[in-house]
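Which parts pack together, and how?

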Amino acid sequence: MSDQESGPTARQEAGPLRPMPEDWRRALVAVAHPDDLEYGGSAAVAAWTDAGREVVYVLATRGEAGIATLAPDVCAPLREAEQRASARVVGVSQVEFLDHRDGVVEYGTTLRRDIAAAIRRHRPELVVTLNHRDTWGGVAWNTPDHVAVGRATLDAAADAGNRWIFPELVEQGLEPWDGVRWVAVAGSPEPTHAVDATPGMERAVRSLLEHRTYIEALTDEDPEVYCRAFLTGHARAASERFGGVPAVTFELFPR
Ligand SMILES: [Zn+2]
């Protein structure tokens with residue numbers, strides 16, 4: 001479910017974006033819905049997997065409430081399959097679903113625990129999530145699932161490292177992992193860092209196109225024209241703060 005169609009949101013009055021850190025090997029991406037990362041972030045993922053880094057996707061929901069014409073029980077397996085296909089396009093083979101309910105994801109200890117468990121399973125240095133802020137910029141209101149999952153992911157990066165928070169995870173064999181060095185928030189209206197979108201752009205377009213059921217329900221435009229225009233438009237807008245290079249932006253929270 002993406003309500004990011006309101007146009008480029010990079011804040012041009014802010015200073016230059018810095019390059020994302022590159023001294024890491026494993027990243028975990030935690031987002032609310034199938035397609036959340038494909039609406040911009042997957043060009044960066046393609047560049048990372050090209051460089052031999054491991055990236056794992058964790059989705060809070062199967063996006064089953066995302067298509068008005070499809071009942072959730074029909075929609076969920078379709079969207080799950082589309083997410084797995086779209087991850088494969090950018091070199092990601094591990095995709096996990098946490099089975100929270102689409103549209104009514106609640107921020108709280110259950111969500112924090114589930115994401116912390118994923119962080120402990122995969123031991124990433126970089127965690128990526130989607131915009132946790134109230135808006136996409138200006139008055140483009142964000143959705144509650146994105147806010148909940150984004151905030152819980154920022155919190156879970158610390159929870160994962162503390163043995164005494166969620167002791168049941170230790171009982172399940174998930175030892176603390178205090179190795180997360182950054183949480184990078186894609187789609188933030190207050191980006192600080194960026195990745196060159198050029199090498200991964202074609203795969204980013206194809207990865208978004210894999211969400212065909214969702215996109216065909218969303219727009220009457222030709223799906224490929226729609227995907228390409230969306231992704232290149234955002235990358236071009238970000239280039240104004242990244243030395244003229246089309247970019248995927250992140251708000252980076254070091255730990
Ligand atoms: Zn979404």
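Just after helix 3, Arg 123 takes a positive phi of about 50 degrees, although Arg 123 is not a glycine. Most residues other than glycine have a negative phi. Arg 123 sits in the loop between helix 3 and strand 5. With 15 C-beta neighbours inside 10 Å, Arg 123 counts as partly exposed. Here a residue is buried if 20 or more other C-beta atoms lie within 10 Å of its own, exposed if 12 or fewer, and partly exposed in between, with C-beta atoms placed from the backbone. This is a predicted model, in which local features need pLDDT of at least 70 and side-chain atom pairs count only at pLDDT 80 or more, while totals for chains, interfaces and linings use all residues. Residues are numbered from 1 along each chain as its sequence is written. Helices (H or I, at least four residues) and strands (E, at least two) are DSSP runs, numbered from the N terminus.

Asp 35 also has a positive phi, of about 90 degrees, and is not a glycine. The loop between strand 2 and helix 1 holds Asp 35. Asp 35 is buried, because 26 other C-beta atoms lie within 10 Å. A further loop residue, Asp 178, lies between helix 5 and strand 6. Asp 178 has 15 other C-beta atoms within 10 Å and is therefore partly exposed.

Helix 3 itself has 14 residues, which should span 20 Å at 1.5 Å a residue, and its end C-alpha atoms are 20 Å apart, in agreement. The expected span is 1.5 Å times one less than the number of residues. Among the buried residues of helix 3 are Leu 111, Ile 115, Ile 119 and the charged-class residues Arg 112, Asp 114 and Arg 120. The cover over the buried residues of helix 3 includes strand 2, strand 3 (54-59), strand 4 (94-97), strand 5, helix 4 and helix 5 (167-171).

Helix 4 (residues 144-159) has 16 residues and reaches 22 Å from its first C-alpha to its last, close to the 22 Å expected. Its buried residues include Asp 145, His 146, Val 147, Gly 150, Thr 153 and Asp 159. They pack against strand 2 (26-31), helix 3 (109-122), strand 5 (126-130) and strand 6 (182-186). Contact means that two C-beta atoms, placed from the backbone, lie within 7 Å.

Helix 6 takes part in two helix pairs. The axes of helix 6 (residues 201-209) and helix 8 (residues 223-239) come within 9 Å and cross at roughly 130 degrees. Helix 6 is therefore oblique to helix 8. Axes are lines fitted to C-alpha atoms, for helices over the stretch in contact, and angles run from 0 to 180 degrees between N-to-C directions. Angles under 35 degrees count as roughly parallel, over 145 as roughly antiparallel, 65 to 115 as roughly perpendicular and the rest as oblique. Residues of helix 6 including Met 201, Ala 204 and Leu 208 meet residues of helix 8, among them Cys 227, Arg 228 and Leu 231. By class, this contact of helix 6 with helix 8 has 9 nonpolar, 1 polar and 2 charged residues. Ala, Val, Leu, Ile, Met, Phe, Trp, Tyr, Cys and Pro count as nonpolar, Asp, Glu, Lys and Arg as charged, and the others, Gly among them, as polar.

Helix 1 (residues 42-50) and helix 6 pack at an angle of about 125 degrees, with their axes 8 Å apart. Helix 1 and helix 6 are therefore oblique as well. Ser 42, Ala 43 and Ala 46 of helix 1 meet Met 201, Arg 203, Ala 204 and Ser 207 of helix 6.
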